[in-house]
Amino acid sequence: MELDVQQMIFEFLGGLGIFLYGIKTMGDGLQKSAGDRLRDLLDRFTTNPFMGVLAGILVTILIQSSSATTVITVGLVSAGFMTLRQAIGVIMGANIGTTVTAFIIGIDVGEYALPILAVGAILLFFIKNKKVNNFGQILFGFGALFYGLELMSGGMKPLRSLEAFHDLTVSMSSNPILGVVVGTVFTVIVQSSSATIGILQGLFAEDLIRLDAALPVLFGDNIGTTITAVLAAIGASVAARRAAAVHVIFNIVGTTIFMILLTPFTYVVESLQSFLDLNPQMTIAFSHGMFNITNTLIQLPFVGALAYIVTKMIPGEDSVIEYKAKHLDPVFIQQSPSIALGQAKEEVLRMGQFSVKGLEETQDFLTNGQQKHSDNAYQLEEAINNLDRKITDYLVLLSTSSLSEHESEEHTMLMDTVRDIERIGDHFENIVELIEFKKANKVTITDQAMKDLQEMFGLTITTVKEALQALDHKDKDAAIDVVKKEEQIDQMERKLRKQHIQRLNEGLCTGQSGIVYVDIVSNLERIGDHAVNIAEAVLGETK
């Protein structure tokens with residue numbers, strides 16, 4: 001039989017593309033059906049490494065990507081929602097969760113792939129119901145996954161007549177390390193362990209590779225899948241780099257253990273295949289599951305050691321933004337409402353410090369355009385939003401308690417202040433987006449305009465700091481000073497607008513740069529308004 005290389009390559013690559021698209025579509029559908037609560041799930045159920053493993057398994061099953069789970073986990077560690085030790089548990093769980101895709105493939109419903117695709121498309125495009133659409137998306141992805149596998153399998157069938165491929169599989173049987181390298185390299189290229197394991201299942205089903213050669217390739221797939229986390233961690237925070245390092249170490253250690261025990265492990269898999277009468281795809285799926293579950297059980301007791309190793313490997317202090325509220329203990333609401341009010345005030349002040357830090361990061365981003373400053377600003381804005389919800393819920397609960405007239409006034413003031421600080425966060429986020437627009441569209445702002453912006457930024461940050469000082473110490477003088485500074489901000493805003501019009505008339509700046517400039521000035525002026533609201537609330541309370 002003549003080998004049609006073009007058809008083989010086209011079927012394999014086309015099938016791989018459809019398979020990857022199917023996994024993504026199915027994962028997106030599952031995620032929508034579950035609701036966008038994956039972050040909350042990871043936050044709530046990672047009290048210890050064991051719970052972290054369970055959370056990692058569940059989230060990875062829902063989004064069908066261990067890499068995506070690892071990236072979410074890295075974000076949570078950077079945000080202070082999760083410790084490195086908890087994150088290690090989640091990463092281990094993600095490795096187990098990703099084996100579900102191999103078990104789905106093992107069901108082998110390839111001949112029904114096209115009807116499943118058709119039903120999914122009907123539910124997705126012809127029915128106006130969100131839940132039905134989400135289910136349709138899951139079905140469509142499920143069908144695409146199997147159709148892609150069928151195409152890949154068809155493309156790989158002619159390989160049995162290729163002498164070079166036969167020699168490679170024989171070499172992998174006699175030299176298992178070669179199998180590990182092949183699995184690692186291929187997964188690094190495709191960036192999906194599910195895809196490479198799907199291909200391995202196809203090869204094993206077509207009798208193109210023996211089990212003792214397939215297992216090292218499977219181990220290599222698990223090392224290769226860490227590349228996504230490694231790429232995501234380049235230039236990221238210390239916490240992100242440590243989490244990525246854990247992912248790599250975990251899989252390399254597991255592969256080393258199983259390579260040492262390759263002969264007995266192969267015997268166990270063959271016995272299981274015979275005992276349960278498993279088809280070839282399901283045999284690989286069980287091998288994958290046993291590898292990751294056993295690897296997790298072996299390494300779970302050494303979570304502390306893993307954390308210690310990566311901390312030594314990647315030294316440095318990480319700038320962690322703690323999203324979680326520190327002072328809002330519900331016990332005080334019932335036992336001592338006055339203490340609860342004081343605790344709420346401490347949390348409001350902490351939220352205010354986030355707003356100051358966010359403004360400083362935004363100013364740095366304007367000055368040097370470094371991405372880390374915009375990332376920090378966005379993270380701080382998210383922390384402010386989280387504290388806004390938590391403090392507001394706490395204060396609403398506190399309002400049901402018996403408060404004195406003075407305490408009621410302070411309660412109202414805190415409710416208003418929380419809203420003002422949250423709006424400051426929104427405004428510096430707007431400014432970050434404007435600076436990003438400026439960078440992306442190569443918009444230039446004149447040196448004088450930049451100097452004016454820096455001056456206004458400095459005045460605005462000082463005003464917000466002083467407003468928070470007035471709130472903290474009920475400092476009437478500081479509050480009066482804030483009112484005066486806000487008048488200066490207003491005057492500066494009017495002056496800068498006039499100067500901008502003058503520059504436009506003289507042709508010194510473009511319309512696009514003018515829009516960015518004026519919008520930044522407007523946002524700074526509004527931040528000043530919110531600072532003066534806090535100061536006026538203090539003045540009202542100290543009368």
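Reader: How many helices and strands does the protein have, and what makes a run count as one?

Author: The protein has 24 helices and 0 strands. Helices are DSSP runs of H or I with at least four residues, strands are E runs of at least two, and both are numbered from the N terminus. This is a predicted model: local features need pLDDT of at least 70, side-chain atom pairs count only at pLDDT 80 or more, and totals for chains, interfaces and linings use all residues. Residues are numbered from 1 along each chain as its sequence is written, and side-chain values use heavy atoms, without hydrogens and water.

Reader: Why are helix 19 and helix 21 called roughly parallel?

Author: The axes of helix 19 (residues 337–368) and helix 21 (residues 405–440) cross at roughly 15 degrees. Axes are lines fitted to C-alpha atoms over the stretch in contact, and angles run from 0 to 180 degrees between N-to-C directions. Angles under 35 degrees count as roughly parallel, over 145 as roughly antiparallel, 65 to 115 as roughly perpendicular and the rest as oblique. Helix 19 and helix 21 are therefore roughly parallel.

Reader: Why does N95 count as buried?

Author: N95 is in helix 5 (residues 84–97). Buried means under 20% relative accessible area, exposed over 50%, partly exposed in between (1.4 Å probe, protein chains only). N95 has 2% relative accessibility, so N95 counts as buried.

Reader: Which residues does N95 contact, leaving aside neighbours within four places in sequence?

Author: They are N222, H247, F250, N251 and N292. Contact means heavy atoms within 4.5 Å.
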